[in-house]
Each structure stands twice: as structure tokens, then as C-alpha cells.
Amino acid sequence: MNQVQSAYKNLEKNILTLNTRKLTAVMLVLAFVIGLISTIFWYNEVYMTNERRFWNALNNSMRTQSVVRTLTNGGTGNQVVQKNRFYFGEQTLAQSRVEFTNRSATANTSVVTEGISTLDGQFSRYSFFETDDVRDDGSIPNLDAVLGQWAGETVDEAGLEEARLNYVSELVTLAVFGDYDANFRSSVIDAFKQNNVYQIDEANTGEVVEDGETLISYPVSIVIRNYAEQLQRAFVQAGLGDFPPLNPENYREDSRINAQFLIRPQDNSIRAINFGDRNETYSNYGVRQEVEVPTPVFTPEELESQVQQEIQG
């Protein structure tokens with residue numbers, strides 16, 4: 001009997017020990033989860049204020065290998081949508097896609113062109129063309145003979161500077177984009193803050209919904225002269241050289257431009273910059289791929305001549 005009681009007590013002790021271990025493990029997991037949730041809540045709701053999100057987004061725009069900028073002009077009947085993917089770092093070039101749609105009471109036309117721009121050349125092609133606009137002889141134009149074939153040229157030494165300036169001009173906007181090291185990014189952000197380049201209207205900063213996505217809208221007033229100085233620094237740092245129109249002496253000290261920044265709170269990325277009648281949207285950050293510069297079949301003049309001849313009949 002004593003042996004039975006002893007065995008029972010040992011079994012009970014082992015069960016209690018096992019349960020205690022399980023309970024301890026469960027409590028530790030719960031404590032970790034609660035701590036993690038509390039940390040995320042504190043970071044998002046307390047530490048990551050709207051102002052910090054804004055500066056974080058500006059910093060993030062300067063540490064990406066690529067980004068797509070989309071510009072839309074016109075309405076549904078006559079619209080042009082231009083998408084440019086800019087690559088930063090080892091490969092300095094830009095890809096473009098332009099979609100043109102013209103719909104009227106008598107005819108519908110859709111055209112898609114693609115392009116590649118480098119510091120020393122530009123290349124383009126028609127990738128899609130469709131119209132029901134009947135010519136006088138009853139035929140309908142088509143571009144089958146040239147679809148998908150590249151036109152373009154690499155400039156000679158005399159044209160290098162103009163090609164460089166054309167390329168850099170496409171990068172001019174109200175935020176710095178590129179792939180810079182931490183020290184340079186920090187120096188630019190510090191300069192922005194010290195010179196009060198971005199004045200945020202905090203009273204009118206708040207959430208908006210765009211295309212089903214919740215974003216934070218920032219009305220901002222920007223000191224053009226001080227901003228141009230930092231953008232110029234960024235171009236030089238990236239190896240693109242200076243851009244004469246950004247010479248700070250071209251701007252008055254009190255010159256400002258009003259803009260709206262839309263920032264995605266999940267990753268603190270700039271989703272849109274709107275100023276004047278220009279609306280820029282940004283997406284697909286960080287995509288990296290090797291882009292092959294095409295071998296053109298036509299010069300730009302030859303391609304446009306064939307296109308115009310076919311369209312006009």
C-alpha cells in the first residue's frame with residue numbers, strides 16, 4: 001500500500017510539474033504577444049506622429065533602387081497616362097509607357113508607346129495601336145508594319161550635355177528620389193529641417209481615402225530656393241552633375257510653392273505629390289531588374305514619318 005501511495009504521489013508531482021511548465025510557457029508567449037502589440041501600438045500611435053511619418057517618407061524616397069511615377073492628363077474621353085520607372089544606382093536609366101486614348105462621337109483611338117532614356121540616348125517604339133477612324137478611301141489605319149520595332153539613337157559628344165539635361169529634368173519634383181547612403185540622407189533631412197524647407201499645415205493634415213486606400217494628406221508650403229539647393233546636391237551626389245535651372249540664385253529667398261503630399265502610413269512611402277495642375281503618383285518602390293538598351297531599327301524621324309504616312313493615308 002505504501003508503495004502504491006508513493007507511486008501516486010510521484011505521478012501527481014510530475015503532472016503538477018508538467019502543468020506548471022506548460023503554464024509558464026503559455027504565460028511567456030502571452031507576455032511576448034502583449035508586449036509586441038503594445039510596442040506596435042506605441043510606435044504607431046505615440047512615437048510615429050504625422051510629422052515623423054512625413055520625414056520618414058522623405059528619407060525612404062532617398063533609399064530606393066527604383067520607383068514608378070505616373071502622370072495623368074485629360075479626362076476619360078481624351079486622356080494621356082504616362083508612367084516612368086526611374087532606376088537609381090548601378091544602372092541609371094528610365095523606362096516609360098505612355099497610353100493615349102481619344103474617344104469621340106465618331107471614332108475611338110488607342111495608342112501605347114514605350115521608351116527607354118539614358119544619359120546619352122533615347123529609344124521609343126509603338127507597342128499598341130487601334131482605331132476605328134475610317135479614312136476617306138474607306139480603309140482603317142494600322143501600324144502593324146512598325147509595332148514593336150525600336151527607334152532611337154545614341155548622341156555624339158556634341159549632344160551629350162543636352163541629353164544629360166533632358167534626362168535630369170525628368171527627375172525634378174518636390175521630393176528627392178534616389179539610392180543614397182545613410183549619411184547623405186541624414187544631411188539632406190537635417191538641411192530641410194534647419195532651413196524650414198517644408199512647412200506642414202498640421203491643422204489640415206489628416207486621413208484621406210484614394211482608390212480605396214487610406215493615406216495621410218499633408219498640405220505643405222515649400223521654400224523653393226532652399227529646396228533647389230538640396231536637390232542640386234542630390235543630383236551631383238548621384239553622379240548626374242548639376243542642373244543649371246536649380247541654381248539657388250535663380251529664386252527669391254521668400255519664393256514658395258504649395259503642394260499636397262499623400263503618404264501611405266503602412267510603410268511611410270510617398271504615394272502622391274500634387275502641386276499646381278500637376279498630379280504625380282508614386283508606386284512600385286525598389287523593383288530591381290536589368291534593362292537592356294535596345295538596338296534601334298529606325299531613327300526617330302524615320303519611325304514618325306512611317307506612322308504619319310499610315311495614319312494620314
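This is a predicted model: local features need pLDDT of at least 70, side-chain atom pairs count only at pLDDT 80 or more; totals for chains, interfaces and linings use all residues.
Biologist: What does the chain contain in the way of helices and strands, and what share of the residues count as buried?

Modeller: The chain has six helices and 12 strands. Of its 313 residues, 35% count as buried.

Biologist: How do you know that strands β1 and β2 pair?

Modeller: Two strands pair if there are at least two bridges between them. Strand β1 (residues 66-74) and strand β2 (residues 78-87) share nine bridges in the antiparallel sense, so they meet that condition. Arg69, for instance, stands opposite Asn84 in β2. With three residues between them, β1 and β2 form a hairpin.

Biologist: Now for the helices. How do you know that the span of helix α4 agrees with its number of residues?

Modeller: Helix α4 (residues 182-194) has 13 residues, which at 1.5 Å a residue should span 18 Å. Its end C-alpha atoms are 18 Å apart, so the two values agree.

Biologist: Which residues of α4 are buried, and how do you know where they sit around the axis?

Modeller: Phe184, Arg185, Val188, Ile189, Ala191 and Phe192 are the buried ones. They cover an arc of only 160° around the axis, so they lie on the same side of α4. An α-helix has 3.6 residues a turn, so residues three or four places apart point the same way. Asn183 and Gln194, on the other side of α4, are exposed. The cover over the buried residues includes α2 (50-61), β7 (198-200) and α5 (224-237).

Biologist: What makes Asp181 a cap for α4?

Modeller: One of its side-chain oxygens lies 3.1 Å from the backbone nitrogen of Asn183, and a polar contact needs a pair of N or O atoms within 3.5 Å. The cap is at the N-terminal end of α4. Just after the helix, Asn196 takes a positive phi of about 50°.

Biologist: Why is Asp211 called exposed?

Modeller: Exposed means over 50% relative accessible area. Asp211 is at 85%, so it counts as exposed. Asp211 is in the loop between β8 (206-210) and β9, and its phi is positive, near 55°. Most residues other than glycine have a negative phi.

Biologist: Asn268 also has a positive phi, of about 50°. Why is Asn268 called buried?

Modeller: Buried means under 20% relative accessible area, and Asn268 is at 6%, so it counts as buried. Its place is in the loop between β10 (256-264) and β11 (269-275).

Biologist: What makes Glu290 exposed, and where does it lie?

Modeller: Its relative accessible area is 66%, so Glu290 is exposed. Glu290 lies in the loop between β12 and α6 (300-312). Its C-alpha atom is 9.8 Å from that of Tyr87, although the two residues are 203 residues apart along the chain.

How values were computed:
Residues are numbered from 1 along each chain as its sequence is written. Side-chain values use heavy atoms; hydrogens and water are left out. Helices (H or I, at least four residues) and strands (E, at least two) are DSSP runs, numbered from the N terminus. The expected span of a helix is 1.5 Å times one less than its number of residues. Buried means under 20% relative accessible area, exposed over 50%, partly exposed in between (1.4 Å probe, protein chains only). The arc is that of the directions from the helix axis to the C-beta atoms. Contact means heavy atoms within 4.5 Å. A polar contact is a pair of N or O atoms within 3.5 Å; within protein, one must be able to donate a hydrogen and the other to accept it, and residues adjacent in sequence count only if both atoms are side-chain atoms.
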